[in-house]
Amino acid sequence: MPQQLSYIDLFSGCGGISLGLFNAGFQGVFAIEKHPDAFKTLRHNLIDTHKHFDWPSWLALENWDINELLRKKREKLNELKGKIDLVVGGPPCQGFSFAGKRQEADKRNTLIHSYLKFVEIVQPRVIMFENVRGFTLKFSKYKKQGKVPYSEIVLSRLHELGYTDAHGEMVNFVDYGVPQRRQRFVVIATRENLSNEIFSTLKANKTQFLMSKGLKPKISTSEALSDLEKQHGTVTSPDTRNFLAGTTNSRGTNFQNYLRLFNEEKYVPDSHRFVNHTLDIQAVFEMLLKNAPRNRSLRGDERLLFGVKKRSLTILDPSEPAPTLTTIPDDCLHYSEPRVMTVRECARLQTFPDWFEFKGPYTAGGKGRVTHAPRYTQVGNAVPPLFAEQLGIAIQMVLYND
């Protein structure tokens, strides 16, 4: 059997890419994540509970800022040169996202250069990173100044570093069995001119992969979430006072059974805590469920009609995949119950299994969303493990056959 391929996960968040790569047969070396709550989630699930990493003794097992790592551990990183098969990561994308205010000056945008510096030092066989669609577009404010998209800057730099086949493609995760229309710009680059073959293998293998898991190519929101509906029962939330959590239905769809706990018919999933809505808010939500359009954000005139002050609100359609999840819990309204989504429901739409537990606070208000990574943020920023697994398999197939 070929030697197990190694990977390093940068900007790992709570571990969506890492979980998928491990399921594909990769061995993690280490993961770099700045926010302590997100790293706490990754550590609990992929290090303490499941041994997904062969963590080096020279790197403290804690949350790291990538720039601090580059400063303090440069000598050790130099020793990894040419020894790592894959470096993955999703540098923070909020400055490029259409879900919020696109800001070129957002400091988080510059972290892509830290990612490239790491690649320059370690020189893995393959690199992969993903970002939002806005990463490929010019900031309209600067068009007249001839500004180029960050994607072009990054691809040019990768070519300079020897990854001359580097290119990116828009990928919609819904095409890979994820119950969510989530478009991301995925870049693959290799030193062996294999990126086109990896992309081709990824696309060609998706149907067979999903069939092997007993999954359909297209999963609707209700097929992903119906066993988590509040109507199936509630208990006192195990991790928060004065809140209720939901229990699962005893029977699930194929997709639900793929992510549910083994040998458990009815249980209380982690992070399935319901938001405490006022009666007035519930009444508005009930009206929206009866009358509002589905699976798109309400327009200005519709918000006025329904008395909704929030700028972004989408009512899910039970018969279709969900739109792109955000990090804000009240951006999406449940498809049949007058409430917003739970963290566990969002995690299901991102294809995290129910055994995967999220740590830290559920939410952070205002500016706290920028400086902290509560559970909703961890889930909303993640790469779906189901897609990451398929990508990992495609990379393996190409590298092993090379």
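With which residue does Arg184 form a salt bridge, and how far apart are the closest N and O atoms? The partner is Glu130, and the closest N and O atoms sit 3.6 Å apart.

## Ground rules

This is a predicted model, so local features need pLDDT of at least 70, side-chain atom pairs count only at pLDDT 80 or more, and totals for chains, interfaces and linings use all residues. Residues are numbered from 1 along each chain as its sequence is written, and side-chain values use heavy atoms, with hydrogens and water left out.

## Arg184 and its surroundings

Back to that pair. A salt bridge here is a side-chain nitrogen of Lys or Arg within 4 Å of a carboxyl oxygen of Asp or Glu. Arg184 lies in strand β6 and Glu130 in strand β4 (residues 126-132), so the pair ties together parts that are 54 residues apart in sequence. Helices (H or I, at least four residues) and strands (E, at least two) are DSSP runs, numbered from the N terminus.

Both partners are buried: Arg184 has a relative accessible area of 11%, and Glu130 has 9%. (Buried means under 20% relative accessible area, exposed over 50%, and partly exposed in between, with a 1.4 Å probe and protein chains only.) Leaving out residues up to four places away in sequence, Arg184 touches Glu130, Asn131, Val132, Glu169, Met170, Val171, Phe173 and Thr324. Contact, by the way, means heavy atoms within 4.5 Å.

Side chains of opposite charge can pair when their charged atoms come close. By the rule used here, the count comes to 28 salt bridges. One of them joins Arg344 and Asp270, with the closest N and O atoms 3.3 Å apart. That pair links distant parts of the chain, 74 residues apart: Arg344 is in helix α12, and Asp270 is in the loop between α9 (254-259) and α10 (279-291). Arg344 is buried at a relative accessible area of 0%, and Asp270 also counts as buried, at 18%.

Asp331 is in the loop between β9 (314-315) and β10 (332-333), while Lys310 is in the loop between α11 (300-306) and β9, 21 residues apart. Elsewhere, salt bridges that share partners join Asp227, Arg260, Asp270, Arg344, Arg348 and Asp354 into one network.

## Two helix pairs

How do helices α5 and α6 cross? The axes of α5 (residues 111-122) and α6 (residues 150-160) come within 11 Å and cross at roughly 15°. (Axes are lines fitted to C-alpha atoms, for helices over the stretch in contact, and angles run from 0 to 180 degrees between N-to-C directions.) The two are therefore roughly parallel to each other; angles under 35 degrees count as roughly parallel, over 145 as roughly antiparallel, 65 to 115 as roughly perpendicular and the rest as oblique. On the α5 side the contact uses Ile112, His113, Leu116 and Glu120, and on the α6 side Tyr150, Ile153, Val154, Arg157 and Leu158. These divide into six nonpolar, one polar and two charged residues. (Ala, Val, Leu, Ile, Met, Phe, Trp, Tyr, Cys and Pro count as nonpolar, Asp, Glu, Lys and Arg as charged, and the others, Gly among them, as polar.)

Helix α1 (residues 16-23) packs against helix α15 (residues 385-401) at an angle of about 45°, with the axes 7 Å apart. That makes α1 oblique to α15. Here Gly16, Ile17, Leu19, Gly20, Leu21 and Asn23 in α1 meet Pro385, Ala388, Glu389 and Gly392 in α15. The breakdown for this contact is five nonpolar, four polar and one charged.

## Two positive phi values

Asn193 isn't a glycine, yet its phi is positive, near 60°. Asn193 belongs to the loop between β6 (183-190) and α7 (195-212) and is exposed, with a relative accessible area of 62%.

Thr351 is another non-glycine with a positive phi, about 70°. Its place is the loop between α12 (343-349) and α13 (368-371). Is Thr351 buried or exposed? At 3% relative accessibility, Thr351 counts as buried.
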